[in-house]
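Student: I've got a new model open on my screen and I'd like to talk it through. Could you go over it with me?

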Amino acid sequence: MNFELTETQRMLRDTCREFAERELVPNARRWDEEHRFPVEAVRKLGELGLMGVAVPEEWGGAGADNVSYALAMEEISRGCASTGVIMSVNNSLYCDPILRYGTEEQKREWLVPFARGEKLGCFGLTEPEAGSDAAAQKTTAVRDGDHYVINGAKNWITNGTRADAIVLFAMTNREAGHRGISAFIVDLNSPGVTRAPADRKLGINASESCSLYFENVRVPAKNLLGKEGEGFKIAMSTLDGGRIGIAAQAVGIARAAYEAALAYARERKTFGKAIAEHQAIAFMLADMATEIDAARLLVLRAAALKDQGVRHTAESSMAKLYASEMSHRVTHKALQIHGGYGYSKEFDVERYYRDSRITEIYEGTSEIQRIVISANLLKA
Amino acid sequence: MDFELNELQIAIRDTARKFAEERLAPGARERDRQEIFPREEILEMARWA
């Protein structure tokens, strides 16, 4: 047992913290209001190696470990949760499966520029009628000579509006159920791909998700990721890692809310003293700090297991479940501590409150996490 | 960050678990009902180091 960070991990965290203070915190409220995708910030994240944190340097990434990735996600999301999810999707859902399953040739073409942040990636599993029930895929890929022909629709695709490529899941054998799903790397500028306008949503408004339509899209057979029928396995193992990123995002949002509440509670006076000196408020702050710490430890444990290369499905789900629900509770309390000002757009807490909500839904709802965790308990 | 236990920690945990299962759990309900202080068990814990 050793809870200390290495020198490298500390340096990366501090770099991210400074970047967030300088580039994200001053702009996040405006980006949210204007629904403005943080193009410049994402470009700079790429220059810092943060679009491929755990991708080895030879494949264009920063060559850091997953603990570093979790620390980076927390710091970036503390500054701007929208920037956090843009980064998480590129790292965990696009780069990671190509790193783990891609051939040398696929990695050269489809990993290097994305890990460098020169191009943007996304992940297409969810469909209008296949969300939590991911095996109910309707999108099909039919082999035709040296190509697969893809037809179908995907929705809620984060980064979908701007991504250059997608790790896309489609049925290659409908009779085989979830064993009939295959993964493909698809150039989103291919003929037959249509992108719907960005979805309108409650929070993370500087990030964009959209529906994608595939109509007779011809994908070279060499873009099959892994083998035919391995798609479900690739998707699920990718989400094991993705959940670490989202859990860290939830911790970052909660920390932003907690820090704002702590500062406000020290300044704001009622009945002749700072509200932080009223036990009702002090106890809320105590609970917030405790829960944030507990969540971070779960996140870092899951990341450390991924670094060891051992199965971390249950631990990632526990981290994601606890961190996201914690983030909801903490942002709720932070808003309450701010009173009327918390409900106002003149302060940041209402944004933290809205942004935290999605962490209980995407990359597996809390209900799905409970299914994953309980299934692991019951099979043991 | 290292969440793993070392060999000594694992050995001590396993010893404590074995002691709890074999020597404490079987009499716990009775001691609770009769409000008996676990003097014997504590002395035995000392012998188990």
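Student: Which residue of β7(A) is the bridge partner of A:Lys154?

Tutor: Some ground rules first: this is a predicted model, where local features need pLDDT of at least 70, side-chain atom pairs count only at pLDDT 80 or more, and totals for chains, interfaces and linings use all residues. Residues are numbered from 1 along each chain as its sequence is written, with chains lettered from A and ligands numbered from 1 in the order in which they are written. Strands here are DSSP runs of E with at least two residues, and helices are runs of H or I with at least four, numbered from the N terminus. Across from A:Lys154, the bridge partner in β7(A) is A:Leu212.

Student: How many bridges join β3 of chain A to β7 of chain A?

Tutor: Two strands pair if DSSP finds at least two bridges between them. β3 (residues 147-158) and β7 (residues 209-220) of chain A run antiparallel, and the bridges joining them number nine.

Student: And in β7(A), what does A:Thr194 pair with?

Tutor: β6 (residues 193-195) of chain A also runs antiparallel to β7(A), joined by three bridges. For A:Thr194, the bridge partner in β7(A) is A:Tyr213.

Student: Why does A:Cys16 count as buried?

Tutor: A:Cys16 is found in helix α1 (residues 7-24) of chain A. Leaving out residues up to four places away in sequence, it touches A:Ala72, A:Glu75 and A:Ile76 (contact means C-beta atoms, placed from the backbone, within 7 Å). A residue is buried with 20 or more other C-beta atoms within 10 Å of its own, exposed with 12 or fewer, and partly exposed in between. A:Cys16 counts as buried because its C-beta neighbours inside 10 Å number 27.

Student: How far apart in space are A:Cys16 and A:Ile76?

Tutor: In sequence, they sit 60 residues apart. C-alpha to C-alpha, the distance is 6.3 Å.

Student: Which helix gives the most to the side of domain 1 of chain A that touches domain 3 of chain A?

Tutor: Chain A splits into domain 1 (7-115), domain 2 (121-231) and domain 3 (236-379), with bounds from an automatic or database domain assignment. Between domains 1 and 3 of chain A, 22 residues on one side are in contact with 22 on the other. On the domain 1 side, α2 (28-34), α4 (66-79) and α5 (81-101) of chain A each supply at least two residues. With 10 residues, the one giving the most is α4(A).

Student: What about chain B: how many of its residues are in contact with chain A?

Tutor: Chain B has two helices and zero strands, and 2% of its 49 residues count as buried. Its mean pLDDT, the predictor's confidence in each residue from 0 to 100, is 94. The predictor gives the complex an ipTM of 0.84 and a pTM of 0.96. Eight residues of chain A are in contact with chain B, and on the chain B side the number is four.

How values were computed: Contact = placed C-beta atoms within 7 Å.
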